[in-house]
Amino acid sequence: CFATQSAITVVGAHVAGWISDKYGRKLTIVGATVLIGCAASLMPFVTSYEAFMALIVMWGMGNTLIGGGPAAYVADISSRSQRPQALAILRSAGDLGLMMGASVLGTVSDVASLEAVFGCAAAMILSSGAYFAFNAEESVGRRRALPGAKPMGTRALGPDAEEPQATSEKWGN
């Protein structure tokens with residue numbers, strides 16, 4: 001079943017990147033948390049293999065969308081000089097979350113039940129998605145990736161001295 005999630009992630013990575021670029025990082029991240037949170041919250045109620053696999057596919061689609069979204073968002077909102085540190089912090093936070101999440105949810109499973117684990121996981125995922133939805137600004141358009149793109153304006157974490165504020169200067173437009 002987890003091979004199915006992995007296959008969806010591998011096959012869908014290109015599409016997820018396109019969605020993130022076309023519709024925005026925020027929508028992609030929030031959509032991913034909704035898919036994963038709904039799949040987690042419904043998992044305890046599964047009564048058949050088919051329903052289980054449908055939720056695995058749903059969870060896999062969410063994993064695919066969330067795969068590169070946060071890194072792209074952080075890269076978009078950070079200045080050139082801050083980008084390596086920002087991405088390192090994001091990676092460390094993700095690793096810490098995976099390590100602590102498994103320990104905490106394993107303890108909840110021992111103390112309560114597997115249903116409580118899925119409920120806690122769904123609540124954490126959905127609440128983080130809701131927080132992001134209501135508090136984060138969209139980042140697409142803040143940083144120009146290709147010549148011919150529109151100027152971006154200001155950055156959330158501040159401009160760099162070595163990076164011109166107007167991207168048209170950078171690309172000679």
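Here are some questions and answers about the predicted model shown above.

Reader: What should I know about the model before looking at values?
Author: This is a predicted model, in which local features need pLDDT of at least 70 and side-chain atom pairs count only at pLDDT 80 or more, while totals for chains, interfaces and linings use all residues. Side-chain values use heavy atoms, with hydrogens and water left out, and residues are numbered from 1 along each chain as its sequence is written.

Reader: How many helices and strands are in the chain?
Author: Helices (H or I, at least four residues) and strands (E, at least two) are DSSP runs, numbered from the N terminus. From the N terminus on, the elements run α-α-α-α-α-α. The count is six helices and zero strands.

Reader: What percentage of the residues in the chain is buried?
Author: Buried means under 20% relative accessible area, exposed over 50%, and partly exposed in between, with a 1.4 Å probe and protein chains only. The chain has 173 residues, and the buried part of them is 30%.

Reader: What share of the contacts with a separation of 6 or more comes from residues 24 or more positions apart?
Author: A contact means heavy atoms within 4.5 Å. Among contacts in the chain with a separation of 6 or more, the share from residues 24 or more positions apart is 68%.

Reader: How far apart are the end C-alpha atoms of helix α4?
Author: The expected span of a helix is 1.5 Å times one less than its number of residues. Helix α4 (residues 83-111) has 29 residues, so it should span 42 Å. The distance between its end C-alpha atoms agrees with that, at 41 Å.

Reader: Which helices are included in what covers the buried residues of α4?
Author: The buried residues in α4 include Arg83, Ala86 and Leu105. What covers the buried residues of α4 includes α3 (49-77) and α5 (114-135).

Reader: How is α1 oriented to α2?
Author: Two packed helices are described by the angle between their axes and the distance between the axes. Axes are lines fitted to C-alpha atoms, for helices over the stretch in contact, and angles run from 0 to 180 degrees between N-to-C directions. The axes of α1 (residues 2-23) and α2 (residues 25-42) come within 6 Å and cross at roughly 130°. Angles under 35 degrees count as roughly parallel, over 145 as roughly antiparallel, 65 to 115 as roughly perpendicular and the rest as oblique, so α1 is oblique to α2.

Reader: Which residues make the contact of α1 with α2?
Author: On the α1 side they are Ile19, Ser20, Asp21 and Tyr23, and on the α2 side Arg25, Leu27 and Thr28.

Reader: Is Thr28 buried or exposed?
Author: Thr28 sits in helix α2. Leaving out residues up to four places away in sequence, Thr28 touches Ile19, Ser20 and Leu65. Its relative accessibility is 2%, so Thr28 counts as buried.

Reader: Which side chain makes a polar contact with the side chain of Arg25?
Author: Arg25 lies in helix α2 and counts as buried because its relative accessibility is 10%. A polar contact is a pair of N or O atoms within 3.5 Å; within protein, one must be able to donate a hydrogen and the other to accept it, and residues adjacent in sequence count only if both atoms are side-chain atoms. At 3.1 Å, the partner of the Arg25 side chain is the side chain of Ser20.

Reader: Which backbone nitrogen does the side chain of Glu138 reach at 2.9 Å?
Author: Glu138 is in the loop between α5 and α6, and its relative accessible area of 29% makes it partly exposed. Beyond four places in sequence, Glu138 touches Tyr23, Gly24, Arg25, Lys26 and Leu27. A polar atom of the Glu138 side chain lies 3.1 Å from the backbone nitrogen of Lys26. The backbone nitrogen reached at 2.9 Å is that of Arg25.

Reader: Which side chain does Ser139 join in a polar contact?
Author: Ser139 is in the loop between α5 and α6 (167-171), and at 0% relative accessibility it counts as buried. Beyond four places in sequence, Ser139 touches Arg25, Tyr73, Asp76 and Ile77. The polar contact of 2.9 Å is with the side chain of Asp76.

Reader: What distance separates the C-alpha atoms of Asp21 and Ser139?
Author: Asp21 is in helix α1 and is partly exposed, at 48% relative accessibility. Asp21 and Ser139 are 118 residues apart along the chain, and their C-alpha atoms are separated by 9.9 Å.
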